Amino acid sequence: MSKKISVIFLLVLTSAAAIGQSVDKKAYERYINPELYGQMLDGKYWQGKKEITAKIKYVPPVEYQDPAVPLIIDKGDGEETLPKSKINAFEVNGRTIVPEDLGDSVVWAMLVNEGAIRETILFSPVPPQAPEYYKINHLVTNTLTHQGYFVGSLAINFHKNMAALTADYPELSQKIANREKGYRFIDYKRIIAEYNKWYQEKYPKRIKYIHGTPDFDAIIEAETNRF
């Protein structure tokens, strides 16, 4: 399944230019600030249990998503390079970036919500070389199995796909498979929060959160009252 993600990612990259006419070319600027590219901004990075404050060079998604491109940091003694392979995550301009294991490759993605099932965003450059803008791709991944889907593909056969992501929580998985009310694609965010709450209660020490344990009850309530 993880290999499916990387295949889909490649398809997204190659098809984005073709559908560029129909997308909002400014939408990505809700998450990215192009006017800040190249500037050294306040940030931090995590190495194991250590949280280290530093200035970090703000770069376009095409650069920070690439695991081979190191960070440029300044801890007070001048700029230096920091390979991404030596850190667990980093934060710059108020956004946290984490590695996503796609099975046959790793890509760095913008963190949306933490949990056993994690939500992140990948940005597809359009065009791939010298991008003019980025297409937004929301990704949900079971961080234990590395099984995951882009949200657009999650909607296809949702009752099977989501049930597979939550398979170790049989009661929840069965509700999804049965297409019960409240357990359909439109409810996916609440379903993820419900799963994450269950997982945290059952295995309280397994997930290493960057920003502390989320309030899953609050997420569930907010998503329940959204409609």
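**Strand S8**

I began with the side chains of strand S8 in this predicted model, and I noted that Ile-117, Glu-119, Ile-121, Phe-123 and Pro-125 point one way while Arg-118, Thr-120, Leu-122, Ser-124 and Val-126 point the other way, all of them buried. The strand is accordingly recorded as mostly covered, with ten of its ten residues buried.

I then looked up the partners of S8 on both sides. Strand S7 (residues 106-113) runs antiparallel to S8 and is joined to it by three bridges, with Asn-113 standing opposite Glu-119. The hairpin of S7 and S8 has three residues between the strands, and in it Gly-115 takes a positive phi near 155 degrees. With S9 the pairing is also in the antiparallel sense and extends over ten bridges, and here I found Pro-125 opposite Tyr-134. Six residues lie between the strands in the hairpin of S8 and S9, where Ala-130 has a positive phi near 50 degrees.

**The whole sheet**

In what order do the ten strands form the sheet? I read the order as S4-S3-S2-S1-S5-S6-S7-S8-S9-S10, in an open sheet with antiparallel pairing. The edge strands are S4 (79-82) and S10, each of which pairs on one side only. Neighbouring strands are turned against each other by 40 degrees on average, direction ignored.

Helix H4 lies across S8, S9 and S10 and runs at about 140 degrees to S10. Helix H6 packs on the sheet as well, touching S8 and S9, and its direction makes about 135 degrees with that of S8.

**Two single residues**

I looked up Ile-56, which lies in strand S2 (residues 50-57), and found it buried at 0% relative accessibility. Leaving aside residues up to four places away in sequence, Ile-56 touches Gln-39, Met-40, Leu-41, Gly-43, Lys-44, Ile-72, Ile-73, Phe-90, Glu-91 and Val-92. From Ile-56 to Gln-39 the C-alpha distance is 8.1 Å, across 17 residues in sequence.

Is Lys-86 buried or exposed? Lys-86, in the loop between S4 and strand S5 (89-92), is exposed, with a relative accessible area of 57%. Its C-alpha atom is separated by 7.0 Å from that of Gln-47, although the two residues are 39 apart along the chain.

**Salt bridges**

A search of the whole structure gave seven salt bridges, and I followed up some of them. Arg-118 and Glu-100 meet through their side chains at 3.5 Å, N to O; the pair links distant parts of the chain, with Arg-118 in S8 and Glu-100 in strand S6 (residues 95-101), 18 residues apart. Both Arg-118 and Glu-100 are buried.

Lys-55 and Asp-42 form a salt bridge at 2.6 Å, N to O. Lys-55 lies in S2 and Asp-42 in strand S1 (residues 40-47), so this pair ties together parts that are 13 residues apart in sequence. I noted Lys-55 as partly exposed at 36% relative accessible area, and Asp-42 as exposed at 59%.

Lys-26 and Glu-29 meet in a further salt bridge at 3.5 Å, N to O, with Lys-26 exposed at 56% and Glu-29 partly exposed at 30% relative accessibility.

**Overall figures and confidence**

For the whole protein I recorded seven helices and ten strands, with buried residues making up 44% of the 227 residues. The exposed surface comes to about 12000 Å², of which carbon and sulfur atoms supply 51%.

The average pLDDT is 90, and 89% of the residues score at least 70. Over residues 6-21, however, pLDDT stays under 50, and the model has 21 contacts beyond four places in sequence for this stretch. Where pLDDT is low, the predicted coordinates should not be read in detail.

Conventions:
Residues numbered from 1 in each chain as written. Predicted model: local features only at pLDDT ≥ 70, side-chain atom pairs only at ≥ 80, totals over all residues. Heavy atoms only, no water. Helix = DSSP H or I, 4+ residues; strand = E, 2+ residues; numbered from the N terminus. Buried < 20%, exposed > 50% of the residue type's maximum accessible area, 1.4 Å probe, protein only. Areas by Shrake-Rupley, 256 points an atom, 1.4 Å probe, with all protein chains shown as cover. pLDDT = per-residue confidence, 0-100. Contact = heavy atoms within 4.5 Å. Pairing = 2+ DSSP bridges. Axes fitted to C-alpha atoms, helices over the stretch in contact; angles between N-to-C directions. Salt bridge = Lys/Arg side-chain N within 4 Å of Asp/Glu carboxyl O.
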